[in-house]
Amino acid sequence: MNAHGDCEYVVTGAKGQLGSEMCRILGQSCRGQGFAELDICDKQLVTGYLHRHKPRVVINCAAYTAVDQAEDFADQCQRVNAVAVGHLAEITAEIGATLIQVSTDYVFGNPPNPPHPFTEETPTSPVGVYAQTKLEGEQQAAKNPKHMVVRTCGLYGQSERPSSGNFVTTMIRLGRERDFVSVVNDQHCTPTSVKELARAIAFLADSSPAPGIYHVVNQGETTWFEMAKETFRIAKIDCEVKPITSDEFGAKAPRPPYSVLNADKYHALDGPRMSTWQDALTSYIRETLKIE
Ligand SMILES: NC(=O)c1ccc[n+]([C@@H]2O[C@H](COP(=O)([O-])OP(=O)(O)OC[C@H]3O[C@@H](n4cnc5c(N)ncnc54)[C@H](OP(=O)(O)O)[C@@H]3O)[C@@H](O)[C@H]2O)c1
């Protein structure tokens, strides 16, 4: 922060899982703004704020992330995930800042045949309101020539909202309460540690590589069923995991059956390595949940 109040980074959605970790990593050089302070849908507010602080980079971690609820609140979801991103792109372009927009593996709704990890060039096929609005958000972000879209998957990390949980913390809670849990085994993806993702985004923000899309996920692939089994093994929880199908689980919004992302483009930049999903999960459980 300099004497004029200018700062290096502004992080929106700063109370969410990724936003709060971004602020922790960027420290003093960052202004983190939660929903209550900076509603990204309020264009006038965002314009005033960004023109006042003139950050070099805006990292948009704000999003409508309730995937199932989005099916019933499509307009609201579109306003946050797409329209507001267009405004952020315009405003950041006006002040010469880079916009980093965080997006999702859900932009790939149809599995390739045979299955192989999606690259940044693979044509998208979003299914469901959340996925469609996130893809629209990617397109809106590109209104700023200095933009990066970071696609990631299945985040788990700390959040400043005490009520919020992620897949890992939910499994640990359920595993301690129940004899068995039923978990979907037909969605193939790469759940990713927020801590590692935030480190990678900080690197991208700092090193300013070519604008465009970057896939940033942990390495390897798994299913939520396997992820739950590994979580219980690491956390030493004695709970059976039963595999079920997505149809049996019956979520309102569709989920991609295969959305593994190829992160070679990110790794070629020689930034912080993303570890395997197993190593990242082990670190998260040991460090964050204080389980040895
Ligand atoms: N979570 C995942 O598994 C996952 C996977 C792939 C990609 N992503 C993407 O990664 C990014 C970060 O996700 P996350 O897991 O950190 O989500 P999160 O924990 O739900 O955080 C999103 C934050 O955005 C805030 N927000 C909602 N509407 C807003 C608005 N109009 N203005 C300002 N803030 C607003 C939310 O506030 P409230 O909580 O008060 O509503 C919340 O604090 C998102 O772009 C998401 O689409 C997430």
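**Close-ups of a predicted model**

Val 149 sits across from Ile 213 in strand 10. This is a predicted model, where local features need pLDDT of at least 70, side-chain atom pairs count only at pLDDT 80 or more, and totals for chains, interfaces and linings use all residues. Residues are numbered from 1 along each chain as its sequence is written, and side-chain values use heavy atoms, with hydrogens and water left out.

**View 1. Strand 5 beside strand 10.** Strand 5 (residues 147–152) and strand 10 run parallel, joined by 4 bridges. Strands pair if DSSP finds at least two bridges between them; strands (E, at least two residues) and helices (H or I, at least four) are DSSP runs, numbered from the N terminus.

**View 2. A helix on the sheet.** Helix 6 (residues 194–207) packs here, touching strand 1 (9–12), strand 3 (57–60), strand 4, strand 5 and strand 10. Contact means heavy atoms within 4.5 Å. The direction of helix 6 makes about 165 degrees with that of strand 5; axes are lines fitted to C-alpha atoms, for helices over the stretch in contact, and angles run from 0 to 180 degrees between N-to-C directions.

View 3. Picture 6 strands in an open, parallel sheet, ordered 2-1-3-4-5-10. At the edges are strand 2 (30–33) and strand 10 (212–215), each pairing on one side only.

**View 4. Who lines the second largest pocket.** Its lining divides into 4 nonpolar, 5 polar and 6 charged residues (Ala, Val, Leu, Ile, Met, Phe, Trp, Tyr, Cys and Pro count as nonpolar; Asp, Glu, Lys and Arg as charged; the others, Gly among them, as polar). Helix 10 gives the largest share, 5 residues.
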